[in-house]
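Biologist: I would like to learn to read helix packing and chain contacts. Can you take me through a case?

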Amino acid sequence: MRWGYVAMLTFTVVGSFWLEVVLKVRVLQRIARALKSILPVAIAFLVWDAWAVHHHDWYFDIKQILGIYGPFRIPLEEYLFFLVVPLAAIMTLEAVRKVKPQWMIGDEK
Amino acid sequence: MTYTFIVLTFVTSSLALDLFVTRIRLVTRRAFWTSYAIILPFQLLTNWWLTSRNIVMYRGGAIIGWRIASAPVEDLIFGFALILGVLTLWVKLGKRG
């Protein structure tokens with residue numbers, strides 16, 4: 001199915017974004033800060049991804065991806081991966097902070 | 001083993017960013033390891049999905065060959081490096097304002 005990789009991304013979104021509603025982690029309200037944290041790291045990894053795809057270190061089953069490609073022949077799903085997975089990680093850290101406010105993270109005012 | 005070497009470079013870079021460049025030192029914090037412990041089973045599950053169904057495949061020569069839940073061990077290290085890098089910057093930016 002063409003939706004194989006999209007299914008994984010959807011699962012990650014569903015598995016993490018509920019924290020916005022239930023625990024009010026407010027990551028989406030701080031999307032500018034989130035994007036500033038994600039972009040430099042994601043770009044470094046995408047440069048590697050482009051290199052690895054070019055050298056066939058890894059490759060994708062064209063029958064299980066949408067078949068939409070961004071720059072450097074990287075599938076759309078890979079670009080979305082580098083947005084969805086970091087957002088899920090930030091939401092998880094903020095959820096832990098909500099539940100355990102006494103645990104210092106390092107940015108407390 | 002290009003994937004192996006590059007992923008080790010990336011995880012070292014994330015650790016250096018956390019410990020020395022930003023001095024956020026997330027890896028010394030309980031909140032970080034608790035978050036990672038929550039993320040890890042989901043990471044193993046999604047890695048398994050992508051690799052056991054051959055959505056993503058790897059050139060044999062690119063990896064060391066050790067697999068965890070069907071995925072190359074490199075995938076696990078890659079996920080850790082990605083998450084640590086992003087979370088370090090997230091906390092760093094929170095500090096500024």
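Modeller: Start with handedness. A crossing is left-handed if the near helix is turned anticlockwise from the far one by less than a right angle, and right-handed if clockwise. Helices (H or I, at least four residues) and strands (E, at least two) are DSSP runs, numbered from the N terminus. The model is predicted: local features need pLDDT of at least 70, side-chain atom pairs count only at pLDDT 80 or more, and totals for chains, interfaces and linings use all residues. Residues are numbered from 1 along each chain as its sequence is written, and chains are lettered from A and ligands numbered from 1 in the order in which they are written.

Biologist: Which hand does the crossing of α1(B) and α3(B) have?

Modeller: That crossing is left-handed.

Biologist: At what angle do helix α1 and helix α3 of chain B pack?

Modeller: Two packed helices are described by the angle between their axes and the distance between the axes. Axes are lines fitted to C-alpha atoms, for helices over the stretch in contact, and angles run from 0 to 180 degrees between N-to-C directions. Helix α1 (residues 2-21) and helix α3 (residues 73-96) of chain B pack at about 25 degrees, with axes 9 Å apart. So α1(B) is roughly parallel to α3(B). Angles under 35 degrees count as roughly parallel, over 145 as roughly antiparallel, 65 to 115 as roughly perpendicular and the rest as oblique.

Biologist: Which residues of α1(B) and α3(B) meet?

Modeller: Two residues are in contact if their C-beta atoms, placed from the backbone, lie within 7 Å. On α1(B) they include Val7(B), Phe10(B) and Leu17(B). On α3(B), Ile77(B), Ala81(B) and Leu84(B) are among them.

Biologist: Now across chains. How do α3 of chain A and α2 of chain B pack?

Modeller: Helix α3 (residues 76-99) of chain A and helix α2 (residues 30-52) of chain B pack at about 125 degrees, with axes 9 Å apart. That makes α3(A) oblique to α2(B). Their crossing is right-handed. Among the contacting residues are Leu93(A) and Val96(A) of α3(A), with Ile38(B) and Ile39(B) of α2(B).

Biologist: How many residues does the contact take from chain A and from chain B?

Modeller: Chain A gives 37 residues and chain B gives 36. α2(A) gives the most to the side of chain A that touches chain B, with ten residues.

Biologist: In what sense do β1(A) and β1 of chain B pair?

Modeller: Two strands pair if DSSP finds at least two bridges between them. β1(A) and strand β1 (residues 56-58) of chain B pair in the antiparallel sense, over three bridges. Trp58(A) stands opposite Tyr58(B) in β1(B).
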